[in-house]
Amino acid sequence: MSSVSVPAEERPGLLRRPTAVTGLWSWFTTVDHKKIGILYGLTAFVFFLVGGLEALLIRSQLAQPNGKLLTAAQYDQVFTMHGLTMVFLFVMPMSAAFLNYMIPLMIGARDVAFPRLNAFSYWLFLFGGLFLYSSFFLGGAPNGGWFGYAPNSTTDPSPGMTFYALGLLLAGIASTAGAINLGVTVLNMRAPGMSFFRVPVFVWMGLVVQMLLAFSLPIITVALIELLFDRRFGTHFFDPAVGGDPLLWQHLFWLFGHPEVYILILPAFGIFSEVLPVFSRKPLFGYQFVVFSGISIGFIGFGVWAHHMFAVGLGPVANTAFGISTAIIAVPTGVKIFNWMATMHGGDLRFTTAMLFSVGGVMNFVIGGLSGVTHAIVPADYQQTDTYYIVAHFHYVLFGGAVLGIFSGLFYWWPKVFGRMLGEKLGKVQFWLMVIGLNLTFGPMHILGLQGMIRRTYTYPASLGLTFWNQVATVGSFTIAAGVLVFVVNAVSSLRGPKDAPADPWDGRTLEWMTSSPPPVHNFDEIPTVHALDEFWHRKYTEDKSGRPVPVQAGASEQPHPGGGGHEIHLPGPSYWPLVGALGLQLVGYGIIYGWWLAFVGAALLLVGVFGWALEPSAE
Amino acid sequence: MAQAAVEHHGGGSEHATSTGLPSTKLAMWLFLASDCLFFGALITSYVLYRGASVQGPFPRDVFDIPYTSVSSFVLLGSSLTMVLAVAAAQRRDLGRMRIWLLATAMLGMTFVGGQVYEFTRFYNEGLSLSKNLFGSTFFVLTGFHGAHVAIGILMLLSLVSFSYADKLPEDAGFPVEMIGLYWHFVDIVWIVIFTVVYLIPTGNPGK
Amino acid sequence: MRSGGKGTLRKRVLWVMGLVALALVVAACAPHASQDTLKPQGPYAREIKSLFIPVLWVAAAVFLIVEGGIVWIIVKYRHRKGRDRMPAQTHGNTRLEIGWTIAPALVLAVVMVPTVATIWDLASKPPSNAINVTVTGRQWWWKFEYTDPDMKTAAGGQIVTANEMVIPTGRTVYLTVTADSDPGAHTTDGLPGFAVIHSFWVPELAGKQDAIPTRENHILMQADHPGIYHGQCAEFCGLSHGIMRVQVRAVTPQEFDAWVANQKLDALTPQPGTLAATGMQDFTGGQCIVCHAIAGIPNATADAGPNLTHFASRGCFAGCLLDNQNADDIRRWLEDPAAVKPGAKMPNYHLSPEQIDALVAYLMSLK
């Protein structure tokens with residue numbers, strides 16, 4: 001890609017590019033969006049398991065009144081890390097995994113716009129996550145909640161919240177780089193003929209998410225820098241004793257935090273919008289409506305942050321305004337649900353596991369959406385905020401919506417990524433375990449919240465009458481865990497099986513199904529020219545007079561020709577500099593805690609990475 | 001973003017892109033738009049705490065407007081030399097390009113040097129990060145701007161040395177233009193900071 | 001492929017609906033819950049509930065329509081074996097879509113009207129006969145200061161109490177909720193006291209408002225009937241956040257007047273020679289006086305810990321975890337505060353059993 005004109009033999013050895021594209025080492029140097037996507041997915045899944053274990057610890061502690069499994073100090077770390085893990089180390093990178101892998105395939109590109117930047121994003125995400133988790137062994141994990149409200153977060157004596165600030169800064173840099181990369185990819189790398197209204201909805205949602213990231217992450221970056229400086233360098237941004245305003249943190253955090261909610265859920269909306277049409281054998285009903293509602297959710301998402309702060313005393317004017325904006329954002333969300341229903345209406349619904357997860361995701365998201373609307377009822381929120389009612393709400397959104405969406409995507413695209421099918425029987429067992437488990441876990445939390453159970457509490461007395469529903473929730477959480485376990489078994493046995501998945505197992509509609517499963521390293525032997533939305537479907541089917549599709553006769557159109565060709569295609573070579581640079585940044589993070597010398601070592605390593613990156617020759 | 005700027009200019013010139021804009025340029029614009037919000041949040045923090053410090057030194061105790069005006073003028077001047085560097089690079093006049101790049105870097109270094117001197121003087125007059133809210137917000141805002149300038153200088157000097165080592169691509173104008181975009185952005189941000197922090201009088205600095 | 005068959009589907013639907021029905025029923029009549037937002041015991045809490053319940057019904061109706069619609073669609077249009085039907089390729093219907101954009105917008109607009117009215121209602125000024133109380137959140141207990149002019153004590157200050165707030169029934173209490181802003185103000189040796197955000201919440205009497213350093217929020221509160229109303233801090237505030245409890249004791253107006261009259265008095269001085277008198281000496285001569293105030297004792301004016309003047313007149317202490325009338329509870333606390341309340345700011349002074357006995361006797365004499 002970069003055009004350095006020095007002949008190969010003159011280059012210093014250090015700058016020679018790694019060449020291996022298979023084997024273990026190749027995973028460290030890869031710049032292939034597909035391998036990076038798999039790395040993102042695998043890493044995110046491991047963090048999902050860890051975050052899930054933390055959830056089980058939480059539920060075990062709360063299974064009885066006056067639980068003694070964890071001390072207050074341990075519990076605070078566990079619930080904080082559960083939130084951070086699920087938000088920043090699971091749902092976000094898992095979405096990044098799907099977007100990384102699928103965007104180039106779905107828009108007919110050979111890779112993302114900046115393959116090495118892509119690798120850098122991944123490694124920095126990984127190192128940021130490891131950095132956060134290393135705090136458990138270095139004096140205590142973050143313990144001030146994922147929301148890290150100041151001044152509690154600035155004054156807590158354990159080092160946890162310093163790790164929080166730095167760890168999220170590292171992950172934030174990774175996400176910003178990724179957002180710019182994927183955003184440019186969608187804007188600039190579409191196949192010939194793929195106008196914006198021929199872009200698959202999943203890619204559209206991905207684009208909206210990247211824009212949300214690009215414009216919300218800098219705000220949390222500033223908040224985290226101010227938190228870090230308050231903790232580490234004695235500034236007073238959130239120090240009320242000398243005039244600082246604790247609410248500044250909350251405004252900055254939620255200005256990021258609410259768009260973040262849509263960052264988490266929109267990729268799942270994209271998955272629903274791909275899966276439902278394929279397994280209904282109908283196009284998405286009202287494609288443009290769904291796209292525009294996604295875009296407007298993105299915009300309005302920046303105008304509702306203070307609904308997290310109805311009880312902080314912003315005054316009736318602000319509370320009214322944000323109550324109304326919160327009600328407004330429910331409209332574009334509702335539109336999508338009706339569109340999905342209309343997509344299925346009149347279809348020929350095939351209930352594969354992927355379809356089950358999408359339908360289940362929509363149905364459970366509806367519950368979270370409705371309880372979300374009740375938050376717009378500001379006075380009711382005076383009662384409900386900071387209670388388990390809120391916990392119930394956002395778990396229906398993030399587990400019912402985002403996580404079920406992720407599993408739908410996993411079952412849908414697994415054959416494309418690994419060339420093997422996931423077991424349908426085990427998949428259905430998993431689906432029912434997870435759906436029953438999630439309703440058992442989070443349904444009762446509505447009741448607990450209305451009964452006055454506060455959030456982030458490590459205990460509750462028997463006298464409050466909260467025991468029964470807490471026990472139900474705990475049973476539910478282990479049911480979910482069983483479902484996850486079934487998936488692990490399914491995944492492992494699938495990966496051990498033969499590579500026998502066809503290129504187009506689901507009768508798909510979009511470009512990724514045109515190429516082989518798994519796709520060749522160059523994705524497409526020949527970049528397809530796009531003539532319509534659902535291009536691949538239109539290559540397979542034409543419509544009869546009554547508007548019903550009939551298969552195109554063999555030979556009359558371009559059919560997928562997997563593998564074989566592509567020898568002349570020039571792809572970017574692997575590189576180890578992204579890994580070096582990301583490692584350098586992580587060392588800078590440790591250096592800010594442990595001493596300037598380490599920070600300088602990290603900065604030097606970062607510079608080595610950057611210059612190596614800039615100067616390394618293009619692939620031979 | 002140093003990386004983004006230096007790598008892959010090729011997205012534009014080798015393949016046709018969907019928007020017609022080179023990918024690197026699009027990425028740079030996206031990054032700068034994102035960075036706008038970064039400085040926006042920092043400036044907001046400063047403005048929010050204007051006049052909120054409970055003890056001095058206050059802005060009017062330490063600011064030397066003529067001095068900072070001169071260093072601001074120096075930074076603004078560097079935008080002109082940057083434009084000349086881009087023009088020279090696009091003409092493939094590598095000699096002139098180096099001269100103007102070095103001039104830009106020199107002006108940038110003068111600015112950063114002036115900032116270091118200013119910080120030192122403020123510190124000696126009792127203003128530190130932890131002294132009061134003014135110190136916290138002022139140093140963090142202008143410090144992060146200074147870091148942006150420093151990174152810009154590093155990129156400019158890298159361009160010069162790459163050009164001596166014959167490591168610039170065929171169309172040298174492209175990377176120079178990208179770093180120019182960044183440089184102009186950093187200059188514009190300084191105009192905003194200079195206006196908001198130095199020129200607009202603080203509400204009640206003595207409170 | 002045929003998995004979402006009729007049986008499992010119905011089961012699932014029944015299951016979901018059953019759960020929701022159960023949720024509503026149980027929430028409405030949960031047996032022992034004493035922090036139940038759906039069992040308001042005063043007009044301000046009732047106002048919130050009567051706004052929430054109709055919205056809940058609207059939400060339930062939408063829920064049934066949407067989920068019912070989905071279930072109907074997936075049953076009706078499920079793939080059936082032996083029928084390879086290719087559905088018509090409907091791409092959309094603008095009129096329909098505009099319709100289902102406007103419909104929810106209208107529903108929401110209707111819901112927002114009473115919402116906005118209630119927001120402003122709850123933010124209005126209190127009636128002129130309201131009692132003013134300033135509520136301060138500390139790690140991890142609540143301080144109450146009755147700020148009205150007729151609440152002055154013999155010692156010259158205002159009535160100050162902790163953990164338990166006493167209010168008369170049938171009269172509005174106007175709370176000013178805040179938290180300390182100076183992290184150093186309430187520090188005991190080696191144990192920093194931090195100024196953090198709390199949230200004051202007694203669900204059966206009113207909605208919550210955050211207690212934020214440097215800021216003042218207000219809550220209108222009123223109880224219909226005498227009784228104990230439980231609550232707790234709702235904003236995460238550190239180690240003992242989960243057990244930062246509080247209670248409001250509502251009493252008849254007559255009882256309230258008597259309570260006020262007693263609170264205005266200086267603390268009782270124990271008879272010389274009693275165990276309580278020894279305890280008083282331990283209090284003044286030991287570490288207690290560094291943090292705790294007792295009206296009537298010279299120099300006992302510190303504000304770091306709860307004011308103990310009428311300790312024995314209260315129902316709970318230590319973040320309402322312990323009972324003031326229970327000698328064992330007081331003993332437990334004095335033996336090791338952090339064992340009761342993780343991170344407690346009161347250090348363990350390793351008091352001797354004799355000292356503890358004396359202090360317990362003294363504290364229990366402070367009616």
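A salt bridge is a side-chain nitrogen of Lys or Arg within 4 Å of a carboxyl oxygen of Asp or Glu. This is a predicted model, in which local features need pLDDT of at least 70, side-chain atom pairs count only at pLDDT 80 or more, and totals for chains, interfaces and linings use all residues. Residues are numbered from 1 along each chain as its sequence is written, and side-chain values use heavy atoms, without hydrogens and water.

**Exercise 1.** State how many salt bridges cross the interface of domain 1 and domain 2 of chain A.

Solution. Step 1: the domain assignment, automatic or from a database, gives domain 1 of chain A as 1-30 + 576-620 and domain 2 as 31-562. Step 2: the rule finds one salt bridge across their interface. Step 3: A:Glu616 forms a salt bridge with A:Arg116, with the closest N and O atoms 2.5 Å apart.

**Exercise 2.** Find the area buried between domain 1 and domain 2 of chain A.

Solution. Step 1: buried area is the accessible area (1.4 Å probe) that two parts lose on being put together, summed over both. Step 2: the value is about 2400 Å², and carbon and sulfur atoms give 71% of it. Step 3: A:Trp27, A:Thr30 and A:Trp613 supply 28% of the area that domain 1 of chain A buries against domain 2, more than any other three residues.

**Exercise 3.** Count the residues in contact (heavy atoms within 4.5 Å) on each side of the two domains of chain A.

Solution. Step 1: domain 1 of chain A brings 24 residues. Step 2: domain 2 of chain A brings 26 residues.

Conventions: Chains lettered and ligands numbered in written order.
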